[in-house]
Amino acid sequence: MHSFTGTRSVTLLTTPAADSAPLVSARGLTKRYGSFTAVAGIDFDVRRGECFGFLGPNGAGKSSTIRMACCLSPLSGGELFVDGLDVQREPRAVKAKLGVVSQDDNLDPDITVRQNLLFYARYFDLPHQEAARRADRALALFQLTEKAGEKVDDLSGGMKRRLTIARALISSPSLLVLDEPTTGLDPQARHLVWRQLRGLKEQGMTLLLTTHYMDEAARLCDRLVIMHQGRILVQGTPLDLIRAHAGYEVIEADPAPAERPELLRRLQHVEGLQVEDTGDALYIFTEGVGAPIAVRLGLPEDVLIRRANLEDVFLRLTGRGLLD
Amino acid sequence: MIAIAQPRGLRNVLAAPDLSHHALNVWRRNRDVYLKLWKTELFLPLIEPLLVLFGMGLGLGKFVSLGIDQSYIRFLAPGVLAQFGMFQATFECCWGVYFRMENHGTYQAVASTPASLDDVVLGDLLWASTRCLVNSVYILAVILAFTPHYDILRSPWALLTLPLAYLLGLAMGSLSLCFTAVAPAISFLGYFFSLVIIPIFWLSGTFFPLERTPGWLQIVAWASPLTVATSTYRHLFDGKPVPQDLLHVAVLCLEAAACAWIASGLVRRRLIK
């Protein structure tokens, strides 16, 4: 198993072949607010057609990174290219290629659902006929056709989010940027949004998203980075990250205080385990199937054994304490 | 890594706005919202100016003597026309803009498209001026309707108040937007209204001739676009424009441009972090 510890800055060097050139490319990307460094010189590449995720706790620098990519926030250092365009030199051209779904709903409450799409299309210089055609198609795709004439305030949270995504797609962007796309949604709405985002990916859309939901990252992202305190700790596919940093299965032991020293002693005699002691529970990360190990450790039959997941990676890398 | 100096503070506020045709798309959005409501709102902008014009003009006018050939309602009318257009532009740029900027996230949403924040500011300013113009058309039409009876308008020159109304709207709207852009909360706009707009309203030379006020007060009063516009409106109503009016137009242009420039810088400072 790879090292579980340490903060590593990972740089992917890509070959400069034109057709496989990354859609988004950041080098030494830095964002400072006064003396506070939100993004501390990160490198990443988003390939065409993939869903790339920024995972991290609140304040990790995810949103700052996204806002710089959307030309909504000036860079404090480094460089950032979208489809070969420098975000600092050609913000309008960059923004013409983007569909942006911001964290807060910023739909226009004074106009109807359909008008939200049509008026937005004006900023991309779409002819009215074309905008109307696309708006109707987007409303159908996002199951909002029946709401077309209603005011935005009459929509549920899930519908608003779907409308925001539909609005971002009206210009047929090269890149869809989503900042915490399902925060605040109920489970049904989240699953519907996920299904639609997966559908977009299947059609070849490149997606860039931030989230602090592990299941969301695992479901949607082809590759992701985990950010913490402005740095990229690791990057890779969800599965690679889980294998590298959390192993295969996790045994969550919760020994009685009297049994704890004995369990810790036994753990030292089993090879290939990583143990995290949170004070009460013991998380035992295994390279293989957990059940035989649980038996060897003399753990009760009903001990919780589950597959390792991104949450384990995340918590191992960013710590279990509250971060804000 | 290249360290890029971010223009901060005053230099950033005073940096040249980045404008495009999308300002017109912002204007069109506001127009489309207005056109859905304009029939229900049609008489609203007329209530207050007509109350002031006829209530004060005829009521108070009975006790006012300004000299031969000058009824009080005729003295009052140009100022009323300027003021109630100005109020509309101010409302748009205070509460209208604040809601769109802070509560609805419209500024951020539009800035995520090829439009810039400066486009949004200019679009909203052009719209505020349009509302000033629309209200002025209403009020001027009513004044015209009552002119045969009360002898208010004396010249077709009065039509020139309409392009001036647009300019006045731009100047007062931009001034208001400067305050909205620094307002820490929506209640701050109330202070702006009480401390800036209401004094501008009373000192515009609408209700009493400014020449009879102390000199320092006159200087303060003439700094306001409303005073400048009212004076020129009055000359146009009488059909006797003077060369000084050209200076007034230039001052209005200058104030509008300066305030719009600063307003867009202040909005950038507020929203671009």
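Colleague: Which side chain does R92(A) meet in a salt bridge?
Modeller: R92(A) meets D18(B), at 3.0 Å from N to O; a salt bridge here is a side-chain nitrogen of Lys or Arg within 4 Å of a carboxyl oxygen of Asp or Glu. This is a predicted model, where local features need pLDDT of at least 70, side-chain atom pairs count only at pLDDT 80 or more, and totals for chains, interfaces and linings use all residues. Residues are numbered from 1 along each chain as its sequence is written, chains are lettered from A in the order in which they are written, and side-chain values use heavy atoms, with hydrogens and water left out.

Colleague: How many salt bridges cross the interface of chain B and chain A?
Modeller: The rule finds five.

Colleague: And how many residues are in the contact?
Modeller: Chain B gives 33 residues and chain A gives 36, with contact meaning heavy atoms within 4.5 Å.

Colleague: What area do the two chains bury between them?
Modeller: About 2800 Å², 50% of it on carbon and sulfur atoms. That is the accessible area (1.4 Å probe) lost on putting the two parts together, summed over both. R29(B), S112(B) and P114(B) supply 20% of the area that chain B buries against chain A, more than any other three residues.

Colleague: New topic. What is the strand order in the open sheet of chain A?
Modeller: The six strands run 6-7-8-3-9-10, with mixed pairing; strands are DSSP runs of E, at least two residues, numbered from the N terminus, and two strands pair if DSSP finds at least two bridges between them.

Key:
Helix = DSSP H or I, 4+ residues; strand = E, 2+ residues; numbered from the N terminus.
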